[in-house]
Amino acid sequence: MSPCPGNARRSVDEQPCLPLRMGHTCVAWQGAAVEDPRALAMALDALEVEGTFVVLADDVLASDRHLAAAVGMAHRRWERGRAVGRTLGAELMRCLAGSHHIGEAIRAVGLQAGAAKGWLVGLGAGKDETESLLARFGFSPCAPHTMTGEGRERLGLPATGDLELLALGLVAEADLLA
């Protein structure tokens, strides 16, 4: 690609090459009801372990591709200093929800009070490490969850249409809104 003229916007090629995907793992879990999801998130943040861990509601991931796209987007924005969220986990939630506002994103994809199942996403962490954290909080791995009508509604997705494509559109929308 030829260099940009001095008065043009900076080219993406001027940025250092970043990997398109960040290593991540996602484990479905179940256990006792979580009365205070914020306290759980803070406890995960306080752990002295490699990686960043994010707790999501059980019914908000459309597919592995939906999660991978959101992880990639959050990581790129974080590395380039263009993240809206103050943490990588908050930026991931914002990308999954297709929102500009972190609070809206947490309400849409975050664990709800009283939930007894969900997803634990480890950013920069392996599956074994992520699964070992579950036991520390009284959870156990289980079969993957599916998106429900409630999850679609919280994300603002229509009741009909290709779920994965609609969810990928949310990730793109999050980038456009930021």
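The model is a predicted one. Helix H3 is largely enclosed by the rest of the structure, since ten of its ten residues are buried. The structure holds one cavity of 30 Å³ or more, and its largest pocket has a volume of about 800 Å³. A search of the whole structure finds one aromatic pair and zero disulfides.

- Helix H3 spans residues 88-97, and because ten of the ten residues are buried, the helix is largely enclosed by the rest of the structure.
- The buried residues of H3 are Leu 88, Gly 89, Ala 90, Glu 91, Leu 92, Met 93, Arg 94, Cys 95, Leu 96 and Ala 97.
- The cover over these buried residues includes two strands, S2 (52-57) and S3 (115-123).
- Helices also contribute to the cover of H3, among them H2 (64-79), H4 (102-109), H6 (149-155) and H7 (163-177).
- Just after H3, Gly 98 takes a positive phi of about 70°.

**The largest pocket**

- The volume of the largest pocket is about 800 Å³.
- Of the 28 residues that line this pocket, Ala 41, Asp 45, Thr 87, Ala 90 and Ile 106 are the closest to its centre.
- Ala 90, one of these residues close to the centre, is also among the buried residues of H3.
- H1, S2, H3 and H4 each supply at least two residues of the lining of the largest pocket.
- H1 provides the largest share of that lining, with six residues.
- By class, the lining of the largest pocket divides into 16 nonpolar, eight polar and four charged residues.

**The largest cavity**

- About 40 Å³ of space lies in the largest cavity.
- Its lining consists of Trp 29, Leu 40, Leu 44, Val 55, Leu 120, Leu 133, Leu 134, Phe 137 and Phe 139.
- Helix H1 (37-46) and helix H5 (127-136) each supply at least two residues of this lining.
- The lining of the largest cavity comprises nine nonpolar residues, with no polar and no charged residues.

- The one aromatic pair found in the whole structure is formed by Trp 29 and Phe 139, whose ring centres are 3.9 Å apart.
- The ring planes of Trp 29 and Phe 139 lie at 25°, so the pair is stacked; the cut-off for stacking is under 30 degrees.
- The pair links distant parts of the chain, with Trp 29 in strand S1 (residues 24-34) and Phe 139 in strand S4 (residues 139-141), 110 residues apart.

**Cysteines**

- A search of the whole structure finds zero disulfides.
- Cys 26 is partly exposed, with a relative accessible area of 24%.
- Cys 95 is buried, with a relative accessible area of 0%, and belongs to the buried residues of H3.

**The loop between H6 and H7**

- Gly 156 is found in the loop between H6 and H7.
- Gly 156 counts as exposed because its relative accessibility is 61%, the cut-off for exposed being over 50%.
- Gly 156 and Leu 170 are 14 residues apart in sequence and 9.3 Å apart in space, C-alpha to C-alpha.

How values were computed: Residues numbered from 1 in each chain as written. Predicted model: local features only at pLDDT ≥ 70, side-chain atom pairs only at ≥ 80, totals over all residues. Heavy atoms only, no water. Disulfide = S-S within 2.5 Å. Buried < 20%, exposed > 50% of the residue type's maximum accessible area, 1.4 Å probe, protein only. Helix = DSSP H or I, 4+ residues; strand = E, 2+ residues; numbered from the N terminus. Contact = heavy atoms within 4.5 Å. 1 Å grid on protein atoms, 1.4 Å probe; cavity = no way out; pocket = protein on both sides within 12 Å on 5 of 7 lines; lining within 4 Å. Points joined across faces, edges and corners; volume = space filled by probe spheres on them. Nonpolar A, V, L, I, M, F, W, Y, C, P; charged D, E, K, R; others polar. Phe/Tyr/Trp six-rings, centres within 6.5 Å; stacked < 30°, edge-to-face > 60°.
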